[in-house]
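I opened this notebook to record what I looked up in one structure. The entries follow the order of my reading.

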Amino acid sequence: MQNQFNRSALLQRVFWRLHFWAGLITAPILLFAAISGLLYVFTPQIEAWRHAQLDTVDAIAPAQNLDAQIAAGRAQFPGESVRTIIPAYTETQTTQIIFGEKKKRNAQISQTAKNSESVEHQHHAEATTQASPFIAYINPGTLKIQGSIAEDGRFREWARKLHSTMLQGDSWRWIIELGASWMIMMLITGIYLWWPRGKASWASVLRWNSSQNRRANWRYLHSIISVILSIVTLVIMLTGITWSKYAGENFRAMQTALGQSSPKPPKDLYSTFVDGMPALSAQAIYLKARQLAPAVQMQLTPPKSAQGIWRIENYDRSQPEKRFQLLLDAYTGAVLYQSGWGSLPLLVQATAVGIPFHRGEFGWWNQALLILVGFSVIFSVISGYVMWLQRRKARSMSAPAINTTHAIAIPWWIWLLLLALGFALPVFGISLFILMCVEAALMFKQIKSTTESK
């Protein structure tokens, strides 16, 4: 029993040191991620204010034929290729037509900003010199072009790039991945440190004691707020990691290995083209899709060749249970491929719910939870620094001290768990290896100093 108590005390010191280094090293990243994430949470409200002239019709009128809407867009932007059509779903919405090929993810940020500034809310008469790719917004009733903007020029795109890459391109994505990975480690070690052990009771960790010293009060608030929101915070971290660069690649590889990848249509599908046979109109394809798919706003990708096919899927991601993919023959309207929520593997369904939750797309309650988590992360970082400064000695890092005895006390399964986490989260694994090398060097120096003093 005594040995078990001693091992628990040794492990607590190891976890405390790990928690300390994780917080000290990644705190700036977490602060940035939390603040930029809070900014992204308010995207619906900011976009409603900033892009209202694009998204909302000037005058409500019965929607005209979808082909007429596309023709109006083509007439205003001659020579531009239509990539995607997003028909208005309500009478107050504009129809979106995306022109031009999709930009690669590593496109230069400066060019993006230039395009955004040059095209947003252009006047009807000036829009003919549009830069590609861009989105044109058309009143479906009057066929008026209400404006256009670079595809990545909307506020939500800027906020997303700020949060994920700090506006520096894909080569910087590892920094946010580093912060998210260590945030998971801080949650695990923090809960371990908070959990009552030995003579401590649940009342001692749950009850506020105003008679405690200032550092104890900071520690109580630091721990209790993080623990209360730990599940939501962990969900946000994990869903964010699923589309990160390196850990995300491992996640997708795991999906494939487990047979949990999103179903994909065959690559050799084509429309039955016969000379003299006219292709179906966009309106006919749209009506066919509306019959087959759930009641949700959709996006249509037209064929790129004579034997090309129509690709239709849901545009509204806030209703994951209505997710679908539909491929139609351009001449007969025959269904070449169809998938929906019921055909998605469990892991795909989980990410289809988790990612919109991470983005706050499920409404006010979702936004409120994300705001609470964002402020809790900010408070945890600030309170962690306060507690460190309160206990820090002059000219010292005042990190919780450990030695070889503490390292030996770590059970084999913890080493195995760290190895698995390091493999699943490569950025975390590399940084953990560097930290362990530093710790080993410090222990070796300590042993050498003790030996020489004897």
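This is a predicted model: local features need pLDDT of at least 70, side-chain atom pairs count only at pLDDT 80 or more; totals for chains, interfaces and linings use all residues.

Residues are numbered from 1 along each chain as its sequence is written, and side-chain values use heavy atoms, without hydrogens and water.

I looked up the second largest pocket and found a volume of about 1,400 Å³. A pocket here is an open set of points on a 1 Å grid over the protein atoms alone, where a 1.4 Å probe fits, with protein on both sides within 12 Å along at least five of seven lines; lining residues have an atom within 4 Å of a point. The volume is the space filled by probe spheres set on the points, which are joined across faces, edges and corners. I counted 47 lining residues, with Gly190, Leu193, Trp194, Arg219 and Ser223 nearest the centre. Helix 1 (2–41) gives the largest share, 12 residues. Helices are DSSP runs of H or I, at least four residues, and strands are runs of E, at least two, numbered from the N terminus.

Entry on Trp413. I placed Trp413 in helix 16 (residues 412–424). Its relative accessible area of 47% makes Trp413 partly exposed, a class between buried (under 20%) and exposed (over 50%), with a 1.4 Å probe and protein chains only.

Entry on Pro303. I located Pro303 in the loop between strand 5 (298–301) and strand 6 (309–314). Pro303 is also partly exposed, at 27%. Pro303 and Ala330 are 27 residues apart in sequence, with 7.3 Å from C-alpha to C-alpha.
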